[in-house]
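Hi,

Here is the structure I promised to send over. Have a look at it first, and then read on for what turned up when I went through it.

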Amino acid sequence: MWSSCEAYTFYAGGKSGWILNPSESYSHWAERNRFQVNDTIVFKYKRGSDSILLVDKDDYSKCNKDKPILELKHGESKFKFEGSGPFYFISGHEDNCEKGQKLLLVVLSPNHKAHKAHRAESPAPAVSNGPISPAPAPAKSGATGFIGGPSGFISGFFSLIIAIYFCILV
């Protein structure tokens, strides 16, 4: 049984922060990182000078700011990924989105193991909303459990206790 106990905090754009012309493009920055459910992204910018809009794919492509799913506007805005899939962020300031200040990133499903070398920055919790995907159904097997017969209840319970133990130690 594999369990991920750590959530990471990413800073949009890395060292440059959420600016119009970062030293590394937002698409390149997103491609070199691996985002997972419960990770957090922080958008650092001067309060009042910009905002971040979470939008759908169509509004991302058209830089449409009219109906965002969520607006972040506090200068150091945090967003926690509560589900997997693509997330579309655009600048809410004037025509910055049209000039390239937008970010598409993909959050991996919980059963996709990211390599820690591609995970960044620091473990930390945060707050917000995101799309939620259902967990996949478990695979059927004819094998019997550790002690609990076909249901494997005791084996599953034992694995859960071990996973919790390691999460507490880490």
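Let me start with a question: in which loop is cysteine 63 found? It belongs to the loop between helix H2 (57-62) and S5. Please keep in mind that this is a predicted model.

Is cysteine 63 buried or exposed? The cut-off for buried is under 20% relative accessible area, and cysteine 63 has 7% relative accessibility, so it counts as buried.

Glutamate 94 also has a positive phi, about 35°, although it is not a glycine. You'll find glutamate 94 in the loop between S7 and S8. Exposed takes over 50%, and because its relative accessibility is 59%, glutamate 94 counts as exposed.

Now for the overall layout. The protein chain has 3 helices and 9 strands. Reading from the N terminus, the order of elements is β-α-β-β-β-α-β-β-β-β-β-α. Of the 170 residues in the chain, 36% are buried. If you take the contacts between residues at least 6 apart in sequence, 74% of them join residues at least 24 apart. The accessible surface of the chain is about 10,600 Å², and 58% of that belongs to carbon and sulfur atoms.

Next, the sheet. An open sheet is formed by 5 strands in the order S2-S8-S7-S4-S5, with mixed pairing. Its edge strands are S2 (35-36) and S5 (70-72), each of which pairs on one side only.

Strand S7 (residues 85-91) is worth a click. This strand is mostly covered, with 6 of its 7 residues buried. S7 pairs with S4 (residues 52-55) in the antiparallel sense, over 4 bridges, and there isoleucine 90 of S7 has leucine 53 opposite. S7 is also joined to S8 (residues 102-108) by 6 bridges, and these two strands run antiparallel. Within that pairing, proline 86 has valine 106 in S8 as its bridge partner.

Further along, S4 and S5 run antiparallel and are joined by 3 bridges. Leucine 53 turns up again here, this time with glutamate 71 in S5 as its bridge partner.

Cheers

Technical notes: Residues are numbered from 1 along each chain as its sequence is written. This is a predicted model: local features need pLDDT of at least 70, side-chain atom pairs count only at pLDDT 80 or more; totals for chains, interfaces and linings use all residues. Side-chain values use heavy atoms; hydrogens and water are left out. Buried means under 20% relative accessible area, exposed over 50%, partly exposed in between (1.4 Å probe, protein chains only). Contact means heavy atoms within 4.5 Å. Accessible areas come from the Shrake-Rupley method with a 1.4 Å probe; for residues, only the protein chains shown count as cover. Two strands pair if DSSP finds at least two bridges between them.
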